[in-house]
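Please keep the sequence and the model in view while reading.

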Amino acid sequence: MSDSPSLPAQIDALRAEIDAATLTTPEEAEAFRVRFLGRKAGAITALFGQIGTVPPEARRETGQALNALRQSAEARLQDAERALAQTASAEATDLDLTLPGRVPAPTEPGSLHPLTQTLEAIQDIFAQFGFTVARGPEIEDDWHNFTALNFPANHPARDMQDTFFLEEPPPAGRGVVLRTHTSPVQVRVMEEAVKSGGGPPIRVIAPGRVFRNEAVSFKSYFMFHQVEGLVIDEGVSFADLKAVLFAFARAFFGGEPKMRFRPSFFPFTEPSAEVDVWWEDANLPGGGRWLEILGCGMVDPNVLSAVGIDPERYTGYAFGMGVERMAQIRYDVDDIRLYYENDLRFLSQF
Ligand code: PHE
């Protein structure tokens, strides 16, 4: 008995062993449990059995040291088991934290819609001519869309067949419509100018969406885009209108485009014309055909009177250009539906 180390020395030795133990696998953890905490052959249990060899006055202190030793062994074992359980559950979910983050496939650069590009080209040219941009609502009332523009009460455009009415036409209702053209913006701009005391000169373009109750086909859609133009001043003539439209066509199409004015009729212009541009297409007999791109004319004196501008003093011209038509010539796309299908195979070409 006397040649075995004292109990405190054995406690110190076990503490050093416990502190040095590695517990990184389930096997190591189990071996640790058996070695130190096993109920029958555990080293700490064995030391408790030797407490009787300690002198009575040192027993209390030795017992406390043994308890502390057991608690620290239990704590190490608990920590190890918790860590091992976490690793096991991470492996069970196949979570690999070393994988690169999930990112979308490399994004291809986008581009503006061909109609937007066309519209911007049109706006840029008119900006150089000194036109500013005006806008109006897509939901219009009867006054701005029809009446102030000199449409007679029984005009066919007011027919439910051509116009999307949101409210019955007068006298039954207020005749709220999806605007059928951008010409109501003319009325709004002139009214605003008169109201603000500025009056003419006026020189604006008004781009925007318009709506008509048309069957969808390669050449018509229930919605399309126009760019309205309006110039009001003293001494404005049809020659000014022609000069501006020719200059515009040269800038937009480049070179010397073939263009013709055909006499036409609109309730709000007098005289009126429609303008065609020659669209080259080798597949067509004759090598191409005339495409109508806009309606225009001198602002009817009745329209000036309706908004409170003196038609004796001021004259002006107006035009309404089809943006899809301009895009068709610019890009050689002759099916209007392609612009609205959002097919990337089409859109990515622009
Ligand atoms: N608003 C007419 C249309 O949509 C076009 C136009 C505008 C004609 C301005 C003359 C003057 O057909």
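Predicted model: local features only at pLDDT ≥ 70, side-chain atom pairs only at ≥ 80, totals over all residues.

Residues are numbered from 1 along each chain as its sequence is written, and side-chain values use heavy atoms, without hydrogens and water.

**The largest pocket**

- The largest pocket has a volume of about 1,100 Å³; a volume is the space filled by probe spheres set on grid points, which are joined across faces, edges and corners.
- Of its 47 lining residues, Arg212, Glu214, Phe224, Gln226 and Glu292 are the closest to the centre.
- On a 1 Å grid over the protein atoms alone, a pocket is an open set of points where a 1.4 Å probe fits, with protein on both sides within 12 Å along at least five of seven lines, and lining residues have an atom within 4 Å of a point.
- Elements that each supply at least two lining residues include helix H7 (183-195), strand E5 (223-233) and strand E8 (288-299); helices (H or I, at least four residues) and strands (E, at least two) are DSSP runs numbered from the N terminus.
- E8 gives the most to this lining, with eight residues.
- The lining comprises 20 nonpolar, 15 polar and 12 charged residues, where Ala, Val, Leu, Ile, Met, Phe, Trp, Tyr, Cys and Pro count as nonpolar, Asp, Glu, Lys and Arg as charged, and the others, Gly among them, as polar.

**Helix H1 and its partners**

- The axes of H1 (residues 7-20) and H2 (residues 26-37) come within 12 Å and cross at roughly 170°; axes are lines fitted to C-alpha atoms over the stretch in contact, and angles run from 0 to 180 degrees between N-to-C directions.
- H1 and H2 are therefore roughly antiparallel (over 145 degrees; under 35 is roughly parallel, 65 to 115 roughly perpendicular and the rest oblique).
- Leu14, Glu17 and Ile18 in H1 meet Phe32, Arg35 and Phe36 in H2, contact meaning heavy atoms within 4.5 Å.
- H1 also packs with H4 (residues 56-92) at about 10°, the axes lying 11 Å apart, which makes H1 roughly parallel to H4.

**Helices H5 and H8**

- The axes of H5 (residues 114-128) and H8 (residues 238-253) come within 10 Å and cross at roughly 130°, so H5 and H8 are oblique to each other.
- The contact of H5 with H8 has eight nonpolar, one polar and no charged residues.
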